[in-house]
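Please read the following report alongside the sequence and the coordinates. The account begins with one local feature and then widens to the whole chain.

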Amino acid sequence: MSSTAGQVIRCRAAVAWEAGKPLVLEEVEVAPPQAMEVRLKILFTSLCHTDVYFWEAKGQTPLFPRIFGHEAGGIVESVGEGVTDLKPGDHVLPVFTGECKECRHCKSEESNMCDLLRINTDRGVMLNDGKSRFSIRGQPIYHFVGTSTFSEYTVAHVGSVAKINPAAPLDKVCVLSCGISTGLGATLNVAKPKKGSTVAIFGLGAVGLAAAEGARIAGASRIIGVDLNSKRFDEAKKFGITEFVNPKDHEKPVQEVIAEMTGGGVDRSVECTGNINAMISAFECVHDGWGVAVLVGVPNKDDAFKTHPVNLLNERTLKGTFFGNYKPRSDLPSVVEKYMNKELELEKFITHSVPFSEINKAFEYMLQGDGLRCIIRMDA
Ligand SMILES: NC(=O)c1ccc[n+]([C@@H]2O[C@H](COP(=O)([O-])OP(=O)(O)OC[C@H]3O[C@@H](n4cnc5c(N)ncnc54)[C@H](O)[C@@H]3O)[C@@H](O)[C@H]2O)c1
Ligand SMILES: [Zn+2]
Ligand SMILES: [Zn+2]
């Protein structure tokens, strides 16, 4: 038992008081974990675009004050009643979409959409009592996707926490807790390109480049990268992308450009932008007869997907995925092992690093489309 078990912990957290305003480092109180919950000491966290959308709250439901953050690595500090799978000292990755291991989805081989713990971006409280574990001078601060990793300590449901190899460096494998696993799994588990096939990747941030990495591993012969930001193309060369298309360089819609480049369309496409028009283009650029498009980007809450139904009748398939269809507790430890066995490189996704006190810089880098992942070091 740690000396802090059962007690309120006071620690630093980066609080978003208002939409789009810089986070403020505050001393917060973190209550002990309740039944089926664990309290984690976060050591490293990084910023994913999903945090930025909900912080900006331009196309999403605003919920403030809130502690964001969902891509992270840490150590279990203490566990609540009924927790048998985790113990203090375990090395873990929290995940925004959980796995209870008991519901129909968790028991299905095909789904990671757990009935109890699937992603819910509008809930800001814990399931056990409908309350927050964070407070400042008695004022509750909302959680984000069950993880809230922009805090030195956080509380999560045990089903949202994957136990990993303690030898894995948390400052690297933390990026597997969302973006890199999502992109990799979107290609390998959902798009499933055959050897020699052509794949288009829309959006060349960390998620899209991880999807490209999946295409390379699957043996794709051509990987076409699509982004509006040409700065991305240099970095993307390290990820096996063979050709680049900037939709801004063309008069005609990008799906037509891709159809011309590929004799009718790509075999697979993976959309990692969050932009509704890119989602439609990613679908319409796959070849008729067999093409499969996978949506990964998080849309605005009022977006609607519009395409002519004949695009589907012509035997194209449209799919979508959270977390690359990986079940976080069952599958994530083996993704970490891919890194440990050098089958998967993570270093090239990590372009920046800042101390916790400078977390707002990570937001600036992402808003400027500068670099891929920025590691935030909690002890600094
Ligand atoms: N489904 C999931 O489980 C899941 C998990 C993680 C992230 N996401 C989502 O994946 C997306 C990518 O995340 P990220 O962290 O890599 O973001 P990022 O900002 O690093 O990368 C997104 C890239 O998309 C490009 N882009 C934007 N609009 C475009 C358009 N219309 N056409 C072409 N390119 C365009 C941007 O220039 C940028 O390079 C986000 O929408 C994020 O919310 C989804
Ligand atoms: Zn994410
Ligand atoms: Zn479940």
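Predicted model: local features only at pLDDT ≥ 70, side-chain atom pairs only at ≥ 80, totals over all residues.

The buried positions in H1 are Thr 50, Asp 51, Val 52, Tyr 53, Phe 54 and Trp 55. As for their partners, the buried residues of H1 pack against strand S3, which covers 37-46, and against helix H11, which covers 359-367.

## Ser 281 and the cysteines

Elsewhere in the chain, Ser 281 belongs to helix H8, which runs over residues 276-284. When residues up to four places away in sequence are set aside, Ser 281 touches Phe 202, Val 254 and Gln 255. Its relative accessibility is 9%, and because the limit for burial is under 20%, Ser 281 counts as buried.

| Residue | Relative accessibility | Class |
|---|---|---|
| Cys 103 | 11% | buried |
| Ser 281 | 9% | buried |
| Cys 285 | 1% | buried |

Which cysteine sulfur is closest to that of Cys 285? It is the sulfur of Cys 272, and because the two are 12 Å apart, they are too far from each other for a bond. A disulfide would require a pair of cysteine sulfur atoms within 2.5 Å, and by this rule the count for the protein comes to zero disulfides.

## The protein as a whole

The protein has 11 helices and 17 strands, and its C-alpha atoms fill a box of roughly 65 × 40 × 40 Å, taken along the principal axes. Why can the radius of gyration be said to agree with that of a compact globule? For 380 residues such a globule would have a value near 21 Å, and the protein has 20 Å, so the two agree.

Buried residues make up 57% of the 380 residues in the protein. Among contacts between residues at least 6 apart in sequence, 69% join residues at least 24 apart. The accessible surface comes to about 15,600 Å², and 50% of this area belongs to carbon and sulfur atoms. With regard to charge, the protein carries 42 positive and 46 negative side chains, and the centres of these two sets lie 2 Å apart.

Methods
Residues numbered from 1 in each chain as written. Chains lettered and ligands numbered in written order. Heavy atoms only, no water. Helix = DSSP H or I, 4+ residues; strand = E, 2+ residues; numbered from the N terminus. Rg over C-alpha atoms; globule rule 2.2 N^0.38 Å. Buried < 20%, exposed > 50% of the residue type's maximum accessible area, 1.4 Å probe, protein only. Contact = heavy atoms within 4.5 Å. Areas by Shrake-Rupley, 256 points an atom, 1.4 Å probe, with all protein chains shown as cover. Lys, Arg positive; Asp, Glu negative; His and termini not counted. Charge placed at Lys NZ, Arg CZ, Asp CG, Glu CD.
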